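Below is a short report on one protein chain. Please look over the sequence and the model before reading on.

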Amino acid sequence: MENLILGTIMHKVFSKPEVEKNQDWVLLSASENSTHTILGVTRKFNTCDNEDVAINENDTTKLIWAIGTTDDVTYHDTQRGISSVMLLDKPNCEWNATASEVWHINVKTKLPPTDTTYWCTAHKSTPYPEKRHIIGFK
């Protein structure tokens, strides 16, 4: 596990990532095998640093990663990427599905044969006298 850099890097579009002055991440553990590198890290949820993004339990965080043979933060050709990850476990949500009202919307459409498709439609629900929340969909 040589040449491991863990830190806060600021990245602006189409520019070299810059190492921030304030380094808030702390490496707790590190291990690797033939297929994975596993890092145990810690950081405050909100560092009050204008260059950091607060960690939110209900949202993903984008991690920039690169693999290289030195500690130099340079262009890594194809050995780099961005991953959207949940840094925290989602909170448990306890609700009784049988006590919830159910209504169905049937939509027939043919999605294009691509890896990712963003498809949005709006549907009118049954009128209600007060605000309602959708708590699940399938």
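## Glutamine 79 and its contacts

Leaving out residues up to four places away in sequence, glutamine 79 touches Trp65, Ala66 and Ile67. Glutamine 79 sits in the loop between S5 and S6. The model is a predicted one.

Is glutamine 79 buried, exposed or partly exposed? Its relative accessibility is 41%.

## The chain as a whole

The chain has six strands and zero helices. Its pattern along the sequence is β-β-β-β-β-β. The chain has 138 residues, and 7% of them count as buried.

The accessible surface is about 12,800 Å². Carbon and sulfur atoms hold 53% of that surface. What share of the contacts with a separation of 6 or more joins residues 24 or more positions apart? In this chain the share is 38%.

Strand S3 covers residues 26–32, and strand S4 covers residues 37–42. The two strands pair in the antiparallel sense. Six bridges link them. S3 and S4 form a hairpin, with four residues between them.

Two pairs of residues can be picked out. Serine 31 has isoleucine 38, in S4, as its bridge partner. Leucine 27 stands opposite valine 41, also in S4.

## The loop between S4 and S5

Cysteine 48 lies in the loop between S4 and strand S5 (61–66). Its phi is positive, about 60°, although cysteine 48 is not a glycine. Is cysteine 48 buried or exposed? The relative accessible area of cysteine 48 is 70%. The cut-off for exposed is over 50%, so cysteine 48 is exposed.

Threonine 60 is also placed in the loop between S4 and S5. Which residues does threonine 60 contact, leaving aside neighbours within four places in sequence? They are Ser84, Val85 and Met86. Threonine 60 and leucine 88 are 28 residues apart in sequence. Their C-alpha atoms are 8.8 Å apart in space.

Threonine 60 has a relative accessibility of 42%. That value lies between the limits of 20% and 50%, so threonine 60 counts as partly exposed.

## A nonpolar surface patch

Trp103, Ile105, Val107, Leu111 and Trp119 form a nonpolar patch on the surface. Together these residues have about 480 Å² of accessible area.

Where does tryptophan 119 lie? Tryptophan 119 is in the segment after strand S6 (80–85). Its relative accessible area is 46%. Patch residues need over 30% relative accessible area, and tryptophan 119 has 46%. Exposed would need over 50%, so tryptophan 119 is partly exposed.

Definitions and conventions
Residues are numbered from 1 along each chain as its sequence is written. This is a predicted model: local features need pLDDT of at least 70, side-chain atom pairs count only at pLDDT 80 or more; totals for chains, interfaces and linings use all residues. Side-chain values use heavy atoms; hydrogens and water are left out. Patches are made of residues with over 30% relative accessible area and no salt bridge: like charges are joined within 9 Å, nonpolar side chains (Val, Leu, Ile, Met, Phe, Trp, Tyr) within 5 Å. Accessible areas come from the Shrake-Rupley method with a 1.4 Å probe; for residues, only the protein chains shown count as cover. A salt bridge is a side-chain nitrogen of Lys or Arg within 4 Å of a carboxyl oxygen of Asp or Glu. Buried means under 20% relative accessible area, exposed over 50%, partly exposed in between (1.4 Å probe, protein chains only). Two strands pair if DSSP finds at least two bridges between them. Contact means heavy atoms within 4.5 Å.
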